[in-house]
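Dear colleague,

I am passing on the structure we spoke of, with its sequence, and below it I have set down what was found. Please read the notes with the coordinates open beside them.

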Amino acid sequence: MTEPAIHVSDVTKVFATPFRRRRIVALQHLNLEIAPGEIYGLLGPNGSGKSTTLKIILGLIEPTSGSVRIFGRDHSAVAVRRDIGFLPENAYFHKFLTGAETLRFHAKLSGLSGRETKSRIAELLATVGLARAADARLSTYSKGMLQRIGLAQALIHHPKILVLDEPTGAVDPAGSRDIQNLIVSLKKRGTTILLSSHLLTQVQEVCDRVGILHRGKLLREGHLEDLLAIENQTELIVESATPDFLDGLEQQITAAKARVVARRKPQTSLEQFFLKVTDTGDE
Ligand SMILES: Nc1ncnc2c1ncn2[C@@H]1O[C@H](COP(=O)(O)OP(=O)(O)O)[C@@H](O)[C@H]1O
Ligand SMILES: [Mg+2]
């Protein structure tokens, strides 16, 4: 088997709060293995330990026990950090800078050469669909546009792994869809993506695999379709059938000793409905 992109082994994190009156166990014996090129979604309610997990993987905080390996190497090695791009939860942006200036600033921080910087910025702005907004100040950007410039910023040094903390958190459905599409296009280029979310609907379409975190423990893990499936039921969505035909079908089902649980018109999800009736073009 190839080396996992991210390998979290038996990680526990205990926070000692001020004056040590109380200890918070944020993670308990967490194990995660994310394959190269995979999109993995860490799902869980607020306070379940998602951000703590991501920060430990990034080497921003130390685990109390356990270890993290990135492509087989200890995550604390400096060279390993260059492999990872990160978009934090509620990322802070300098509102007075333009989109292009923001990326130039981060290109300098990550040591890109002058010539490289110019073409990289143009390429990234196009990738995240902000080419036309390049010279507008971030104070004029929508939340979706801010998240996209944040994504571009995280990608500036061509990381092999992208870590996104609540990437669609404060974004409206159209903006959230843009970000989902971007994530899928990055996967096609071979980037490994680890993202967190407390909203299942916003990640279910893009993730190859998800883990459900609750009070610092990984409760379930797998393909979302399998996790959500009701094992002994099958849903049949039929178009243009007459009521008579459907009645006949129901009789056959009953005769076969199976049971019709519901017969109803399918509904579009609120999110899809919203996308259909609104046309919110950013930029
Ligand atoms: N620096 C910290 N000091 C003390 N407790 C913390 C710290 N960071 C997180 N926690 C606690 O750890 C738990 C998990 O937090 P977090 O990882 O931020 O959850 P999530 O991202 O899933 O909302 C929470 O109970 C939170 O209050
Ligand atoms: Mg969080």
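What follows goes from the overall division of the chain to the ligand shell and then to the strands.

Please keep in mind throughout that this is a predicted model. The protein is divided into domain 1, covering 6-228, and domain 2, covering 243-277, and the centres of domain 1 and domain 2, taken over C-alpha atoms, are separated by 39 Å.

The surroundings of ligand 1 may be the part you wish to look at in detail. Ligand 1 is surrounded by Phe-15, Thr-17, Ile-24, Ala-26, Gly-44, Asn-46, Gly-47, Ser-48, Gly-49, Lys-50, Ser-51 and Thr-52. Sorted by class, the shell around ligand 1 holds eight polar residues, three nonpolar residues and one charged residue.

Helix H1 also leads on to a sheet. This is an open sheet of four strands, in the order E2-E1-E4-E5, and its pairing is antiparallel; the edge strands are E2 and strand E5 (73-74), each of which pairs on one side only. H1 packs on the sheet, where it touches strand E1 (6-16), E2 and E4, and the direction of H1 makes about 115° with that of E1. At the other end of the order, strand E4 (residues 65-70) pairs with E5 in the antiparallel sense over two bridges, and Arg-69 stands opposite Asp-74 in E5.

Which way do the residues of E3 point, and are they buried or exposed? Ile-39, Gly-41 and Leu-43 point one way from E3, while Tyr-40 and Leu-42 point the other way, and all are buried. Because five of the five residues of strand E3 (residues 39-43) are buried, E3 is largely enclosed by the rest of the structure.

Strand E3 runs parallel to strand E8 (residues 192-197), to which five bridges join it, and the bridge partner of Gly-41 in E8 is Leu-195. E3 also runs parallel to strand E9 (residues 209-214), with four bridges between them, and here Gly-41 stands opposite Val-210.

With best regards

Note on methods:
Residues numbered from 1 in each chain as written. Chains lettered and ligands numbered in written order. Predicted model: local features only at pLDDT ≥ 70, side-chain atom pairs only at ≥ 80, totals over all residues. Near = placed C-beta within 6 Å. Nonpolar A, V, L, I, M, F, W, Y, C, P; charged D, E, K, R; others polar. Domains from an automatic or database assignment. Buried ≥ 20, exposed ≤ 12 C-beta atoms within 10 Å, placed from the backbone. Pairing = 2+ DSSP bridges. Contact = placed C-beta atoms within 7 Å. Axes fitted to C-alpha atoms, helices over the stretch in contact; angles between N-to-C directions.
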